[in-house]
Amino acid sequence: MAQETSAGNSGVIHGGFDPTPGTVNARLNVLGRHLYENEWFKELNFPHRNRHSIVLAFNDVEKKELHKLYDQGITNGLKADELEILSLEQCLALEPNLNATVVAGLLCTSSHSVDPVILTNKLVESALVNGAKLFLGNRVTGITKVGEEFCVETINHHSQGQIIELDLLLTRRDTTRMLSQE
Ligand SMILES: Cc1cc2nc3c(=O)[nH]c(=O)nc-3n(C[C@H](O)[C@H](O)[C@H](O)COP(=O)(O)OP(=O)(O)OC[C@H]3O[C@@H](n4cnc5c(N)ncnc54)[C@H](O)[C@@H]3O)c2cc1C
């Protein structure tokens with residue numbers, strides 16, 4: 001678990017101004033961040049810290065992009081006090097080591113940083129407590145949609161290609177149920 005992309009990402013829980021409004025990505029980014037803030041930070045014991053992020057613009061064209069990102073953020077559901085367009089002086093006051101050719105910045109106060117490996121392990125631990133089953137060492141060989149659900153077939157690496165039908169069903173709400181293992 002947490003061995004591939006999740007082991008090497010930047011560990012940022014993004015504020016939500018970046019995804020294009022109206023996309024699933026935009027909706028889930030803000031929804032997911034609120035889930036962390038309102039529930040998981042309190043219920044699950046893992047290190048996290050609120051981090052302010054600044055997107056920097058180095059010319060007038062890029063400065064227009066900052067306003068676009070600001071508007072996107074508001075459309076995606078961020079509150080006005082979570083985003084602010086900063087002047088060069090305001091950027092330097094927050095981070096004196098910045099390149100002085102910066103012309104403006106977009107401050108987001110609702111990002112957080114986590115350790116992605118610790119977090120992933122904590123989420124798996126919580127899922128197991130809630131009744132999920134974990135199958136390690138099973139390579140997925142096919143996924144087919146059955147009505148409203150998905151059937152995932154795997155090959156168990158440890159048994160020389162023997163096909164094991166896990167009947168792992170993923171519902172639309174992304175909850176998982178293991179029904180049987182033959
Ligand atoms: C450089 C970088 C920085 C990022 N920074 C951030 C960030 O700051 N914040 C953020 O929210 N997101 C970030 N992301 C995106 C985020 O890391 C990914 O969206 C996330 O890790 C995906 O998780 P995953 O469980 O889907 O994939 P993974 O963590 O890659 O896990 C997939 C697992 O499936 C296994 N697998 C593959 N094929 C099979 C198979 N056939 N059968 C069985 N198992 C299989 C793999 O071995 C692996 O264990 C970043 C991504 C990158 C590349």
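User: Which residues surround the ligand?
Analyst: This is a predicted model. In it, the ligand is surrounded by Gln3, Glu4, Thr5, Ser6, Asn9, Ser10, Gly11, Val12, His14, Arg139 and Val140.

User: How many of the shell residues are nonpolar, polar or charged?
Analyst: Seven are polar, two are nonpolar and two are charged.

User: OK, zoom out. How many helices and strands does the protein chain have?
Analyst: Four helices and eight strands. Along the sequence the pattern reads β-α-β-α-β-α-β-α-β-β-β-β.

User: How does the confidence look, by pLDDT?
Analyst: The average pLDDT for the protein chain is 86. A score of at least 70 is reached by 86% of the residues. Residues 157-182 are another matter: there the pLDDT is below 50. That stretch still has 38 contacts in the model, beyond near neighbours in sequence.

User: Back to the strands. Which strand does β1 join, and in what sense?
Analyst: Strand β1, residues 12-13, joins β4, residues 104-114. The two run antiparallel, with two bridges. Valine 12 stands opposite serine 113 there. Val12 is also one of the residues around the ligand.

User: What about β2 and β4, how many bridges?
Analyst: Nine, again in the antiparallel sense. Strand β2 covers residues 48-57. Its isoleucine 54 faces leucine 107 of β4.

User: And β3, how does it run against β4?
Analyst: Antiparallel, with five bridges. Strand β3 spans residues 83-87. Leucine 86 has glycine 105 as its bridge partner in β4.

User: Which residues make up the largest nonpolar core?
Analyst: There are 12: Phe17, Ala57, Leu66, Tyr70, Leu78, Leu83, Leu86, Cys91, Val102, Ala104, Leu106 and Cys108. The largest share comes from β4, with three residues.

User: Pick tyrosine 70. What does it touch?
Analyst: Tyrosine 70 touches Phe17, Leu83, Ile85 and Leu106, leaving out residues up to four places away in sequence. Phe17, Leu83 and Leu106 are listed in the core too.

User: How much of the protein chain is buried?
Analyst: Buried residues are 13% of the 182.

User: What share of contacts join residues at least 24 apart?
Analyst: 56%, among contacts between residues at least 6 apart in sequence.

User: New topic: valine 30. Where does it lie?
Analyst: In helix α1, residues 24-43.

User: Why does valine 30 count as partly exposed?
Analyst: Because it has 19 C-beta neighbours inside 10 Å, and buried takes 20 or more.

User: What does valine 30 touch?
Analyst: Gly16, Asn76, Gly77 and Leu78, not counting residues up to four places away in sequence. Leu78 belongs to the core. Valine 30 is also 9.7 Å from proline 19, C-alpha to C-alpha, and they are 11 residues apart in sequence.

User: Last one, alanine 2. What is its phi?
Analyst: Near 50°, a positive value in a residue other than glycine. Most residues other than glycine have a negative phi.

User: Where does alanine 2 lie, and why does it count as partly exposed?
Analyst: Alanine 2 lies in the segment before β1. It counts as partly exposed because it has 18 C-beta neighbours inside 10 Å.

Note on methods. Residues are numbered from 1 along each chain as its sequence is written. This is a predicted model: local features need pLDDT of at least 70, side-chain atom pairs count only at pLDDT 80 or more; totals for chains, interfaces and linings use all residues. Two residues are in contact if their C-beta atoms, placed from the backbone, lie within 7 Å. pLDDT is the predictor's confidence in each residue, from 0 to 100. A residue is near a molecule or strand if its C-beta atom, placed from the backbone, lies within 6 Å of it. Ala, Val, Leu, Ile, Met, Phe, Trp, Tyr, Cys and Pro count as nonpolar, Asp, Glu, Lys and Arg as charged, and the others, Gly among them, as polar. Two strands pair if DSSP finds at least two bridges between them. A nonpolar core is a set of buried Ala, Val, Leu, Ile, Met, Phe, Trp, Tyr and Cys residues joined through C-beta atoms within 7 Å.
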